[in-house]
Every structure is written in structure tokens, then in C-alpha cells.
Amino acid sequence: MVQYNFKKITVVPTGKEFIDIILSRTQRRTPTQVHKGYAISRLRQFYMRKVKFTQQNFHEKLSTIIDDFPRLNDIHPFYGDLLHVLYNKDHYKLALGQINTARNLISKIAKDYVRLLKYGDSLYRCKSLKVAALGRMCTVIKKVTPSLAYLEQIRQHMARLPSIDPNSRTVLICGYPNVGKSSFMNKITRADVDVQPYAFTTKSLFVGHTDYKYLRYQVIDTPGILDRPFEDRNIIEMCSITALAHLRAAVLFFLDISGSCGYSIAQQAALFDSIKSLFMNKPLIIVCNKTDLQALEGLSEDDMKLVMEMKSEAMKTLVGQGGEATDGSNVLLTMSTLTEEGVIAVKNAACERLLDQRVEQKMKSKKLNDCLNRFHVAMPKPRDQKERPACIPQAVLEAKAKQAEVDADKEKRKLERDLENENGGAGVYSASLKKRYILAHDEWKEDIIPEILDGHNVADFLDPDILMRLEELEREEGVLQGLEEDEDFEMDGAELTPEEQAALTEIRKKKSLLIQQHRIKKSTAESRPTVPRKFDKDKKFTSERMGRQLSSLGIDPSMAIDRARSKSRGRKRDRSSDGVESMDVDGDKQNKKMRLKSRSMSRSRSMSRPPGEVVPGEGFKDSAQKKKAIKIAKSSSKNRNKEARRGEADRVIPTLKPKHLFSGKRSTGKTDRR
């Protein structure tokens, strides 16, 4: 069970957001309507309530922030030192102290101004004191804005820390960078730690979980540690040192005996000697990794001597646990994370050593005596010297023997994986889905299944000679196409007599004329174009012909002929008869003025009718009714134009205004709009 969960810490708002939250809540949940005619006691109570309510909200919010963040002196030393390594506990305590000071200052400000409000003599004096009180509270919050921002960053980082239970069964992996710690963790747990061929891929603590003997173990992958003084180690290395110092865990010290990590065995042995004080009272196992590149037996004498010295140091931890000094089989282990050789053995050895230590510690505790007093193991006493072995019927023994013979004779059934490996492996072998078919005869399994279409077997309608028949049809089609090309010839006038050529020309002309007439008849009467002259070569479409046709129908053709002529000719400007008859100077001046006036009016705009004049077809009874309708239309569109709406259907809300912020003054009483 995880004891510390930093993901539940409340979000810390910024200084500006803090002030907006509190003042908005005060505005929403306290009365907002007051008049100078109220009694002075009522006015004082009104503004005292606002100051007290604001102070209570500030106090609750700041208290929540202070209580949610862990106190370094009250939590487990592992988390206390880890937070100190990551965030510097001096800065952390200073930020929380500033928040606590701000809370106390706001309480003091509210207390002082409530005392002053008790002696307010007017509405103006009470309101000024309220504004001053809220302003000073907001000023205090503004001054701690940097501390709020710092705590919010810490909260976000703490939420990303792994959930480590310091009291649970733990396996800790440590060593130089790039020796195979993360690869081992990915093999034995479901964690997915990034593995790269360079140093310091792991920059923080990673947690995974594994099971051994039906018990859950947490496995912690620590960043790599370099052999250098304690003061020179960075934050990444200090995370590993903190975990080694404070967690009761089985420690796996990884040793890269191949040297591919970039560090020799001598350097790794020096690191072991520098941090061996952290291994006291903990099960320690030396894990020689990458045996696929270098076997342990193939090391030089100097390197082997260093490895044996580390093994002897690990044996001391075994003696400290009460184990046998000669039993060193589980102290120095070899494995390869690439070939997975020895991985499970290392995991089992670490879990077994840790389990034995925890059981031994519990046996030494004072609680054991209290528990043993509650248990009583009853051992039955023999009533006589007669032996009473277990009675197994003879039929059962015979059945077991027979079953054992059958199992011995029975060959091991081959699996699909075995068949795949025998026949070329994945990508080459294709499993047959037909071999499990239950048929009358096994040789039927590989038969081709017929395809049925419309109740008929498709195979019955296949012609084995279909390709040959297709070639014959293509040859016949080619011969027929050649004959058609020979017969198809274009009729030209070179082979015809003069009489035949004249007849052919007349036929073609008649055909084109019929096509054109058909197209004209198909068009509608409104869009029928005027007959072009090139199609009227025989002068069939003339005004005289139209006059004769109308006269034959008993209709006077004069107006139609005049209209056709006026349409075909251009209009000329009509001259005023008055201008011809009046020759005197005054008449000329008057005509000139009229022409100028008409020209200026035509240039400016046309003569418009009055707005109240009724035009037939508008649906108004008289001009008064039309003026009234125009007035109503203007008044109805006034609000719409004021709100800059495009029309009656424009429902857009450009800015959403919360009701509690824009509703103005409200009366006393219940103001919770929710």
C-alpha cells in the first residue's frame, strides 16, 4: 500500500487568480444592495460581513495549501531527503512560511478593520474602510505571488514522482551508468524504462513490480553513480544515494565485466568501496552482467581479484544477517540481459534473501511473544505401538501404473511452434487450416473446395481449351474488321456525273436547313433568336411576307410592320417642336434652362416619389397606413442596429457576461444563484 500520494495536492493558483477567486466569491455570496437611509448599525453590519467573509475565504484557501504540502520533518526520511535533493528544503520551507505569514497578516488586517467599522459614522466611512481592508488583503497576496508560483511548480513535479512505499518489500538496483540496470528491470517487471547505448539514460527513480512466492515486490531502478566525492555529485546521482541510504531493500550491485559500458572493473570496484557503507544491514548481491560478451572465468587475475574482494564484502552482509559465511552461492551471480540467461535466478535470489531478512527481523521483534501466546499447536499422542500407514485401494494403484505406462509410450504431441521451427521459421512456414478437418478419409482434407455460384459449381462450367478458343475469336474479329474497312468508303464528287453532283449538293443543303429549322423550333418562344441573314438567303423571312400572312388571317399588319422596322433601326433623338417654332431670344433662354435642368437632374439622381405615396401592388390602403408601417419597421430595427446585429436571425453572443458579475445591485438575503 502506497503511504504517500502527492498527486492529490490542491492546485496552487497564481496571485492574480487567487484575488479574482476570493473577490468574486465575496461578491456572489454576500448582499450587494445598501442605501444611505439604512440605520447606522445595519450599515456597519453590512460591511463588517463583507470583510469577515473575505478573510475567511483567504484563510481557508491558504490553510488548504499549507496542509496539503508535506512537512519534511513528519514524513519518511527517504521522501524528506529526496525532496531536499530535488527542491532544496530551505527554499521549500521559506515558501510555505511566507504563505503562513500572509495568512496571519490577513487575519490581523480583518480584525483591525472590523474594530474600526464598529465606529463608522456614515455610509461613506464604512465603505471606505471596507475598500481599504480588501485592498490591503490583496496587497499581501500580491507580495507572495513568487512563493505561490514556486509551490505550484513543486506541486507539478511532485505529482510526477514515482509512488514508492518505503515500508514495502523492495529490490534496489545500483551501479555505474550503462551497465544494464534498466534492461534487467524491463525483463523482470512490466515497467518500460528507456534503454539507450549511452550513459545517464535514466535520470530519475523508476518503479516496477514483480511477484515471487505470491508476494508483490517493488523494484526500483536508480540512475547511474560515478566514483567521485560526495560534494561533486549532481542531483541525478543524489537520488540514487538517497534511495540506498533510507530504503530497507535488497541491493543488486551491477558489474559490467565486459567493459563495454566505458568503465573498467577497477573503476567499478572503487565505486563499490566508496558506497559500501550504504549496504550495511541490507542483503547485497554482486551481479556480473553481460556474460555474453565476456565470461567471468575469462577475466584477468587482477580483475578477478577485485571481483573476489567485492564478494568478500558482500559475504559480510550475509554474516550480519545471521547466515552462514561459507554459503556464497547467492552473493556473486552472473547473467546476461541480452540472452536472458540467469535473469530469473538473480531475481529469485534477491527476493529470497530479502524475505529471509524480513522474517528474521520479525522473529526478533517484541511483538512475536504476544503472537506466540495466542497460538497452540496440538500434537496427538500415540495410543499404541501399532503402525497405521495410508490405505490406498489396489485398483487405484493399478490404474496409476497403467496410466504411467501409457504416458511413457505416448509420444509428445508436436505444437505449431515446433512445426514452424522445423519448416523455416516465422514468415516462411504457413500453418494449414485444413489438417483439423473431420472427414471420412484423411486424403480428402487437401482437396480443393468447389466454388458455388447461383447453385452451380463454377468448376463444371470451365473450359480447359478457353485460351485457344479466345485466340480463334480474336483472329476472326480481326478479319471481319479488315473487311469492314475495305467496304467503308467516303462518297466524293469525283466519281459522280454532273447531274448526280447537283442532286448531292441539293440534298446536303436541304439537310442542313432542316437541322437548323429543327433547332429553332426546339427553342422556347421567349429565347428564340432572330434569324441570322446567312440562313435567310431566299428572303423567306421578310416583313412583306409577314404582312401577307397576317392579311390572309384577317389581321391589320400595319402596326406589326412599323414595330419591326422601329426595332431594326436605331432611335434618333426627338426634337422639341417648341424649340423650332419659338425663335425669339427669351424662348431660346428658357429652352436652354430646361435642358440644363433636365441634364443636371439626370446626372444627380432620378426623380423619387415621396415616402408616403402609395404604389399600386404594395398592399396599403392609403398613405397614412404606409407611413405608420414604415415607422413601426424603423422602431423594431432600432435595438437590433444598436447591438450591431445583421438581421432578426442573428443570435450570436460576442462576449459571454456572467450574471453574477453584471447584474448590478441586489437586495439582502439569499444570494447564492446556484
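Which residues gather in a patch of negative charge on the surface? Hi everyone, let's start there. In this predicted model, the patch is made up of Glu471, Glu472, Glu474, Glu476 and Glu477. If you want to find the spot, look for helix α15, residues 466-487, where Glu476 is found.

Now to charges that pair up. Side chains of opposite charge can pair when their charged atoms come close. The count here comes to 18 salt bridges, and I'd like to show you a few of them.

Take Glu340 and Lys187, whose closest N and O atoms are 3.2 Å apart. This pair links distant parts of the chain, 153 residues apart. Glu340 sits in the loop between β6 (332-334) and α11 (343-364), while Lys187 belongs to helix α7, residues 181-188. Lys187 is partly exposed, because its relative accessible area is 37%.

Next, please find Lys290 and Asp256, which meet in a salt bridge at 3.2 Å, N to O. Lys290 lies in the loop between β5 (284-289) and α10 (301-320) and Asp256 in strand β4 (residues 250-256), so this pair ties together parts 34 residues apart in sequence. Are these two residues buried or exposed? Both Lys290 and Asp256 are buried.

Conventions. Residues numbered from 1 in each chain as written. Predicted model: local features only at pLDDT ≥ 70, side-chain atom pairs only at ≥ 80, totals over all residues. Heavy atoms only, no water. Patch = residues over 30% accessible without salt bridge, like charges linked within 9 Å, V, L, I, M, F, W, Y side chains within 5 Å. Areas by Shrake-Rupley, 256 points an atom, 1.4 Å probe, with all protein chains shown as cover. Salt bridge = Lys/Arg side-chain N within 4 Å of Asp/Glu carboxyl O. Lys, Arg positive; Asp, Glu negative; His and termini not counted. Charge placed at Lys NZ, Arg CZ, Asp CG, Glu CD. Helix = DSSP H or I, 4+ residues; strand = E, 2+ residues; numbered from the N terminus. Buried < 20%, exposed > 50% of the residue type's maximum accessible area, 1.4 Å probe, protein only.
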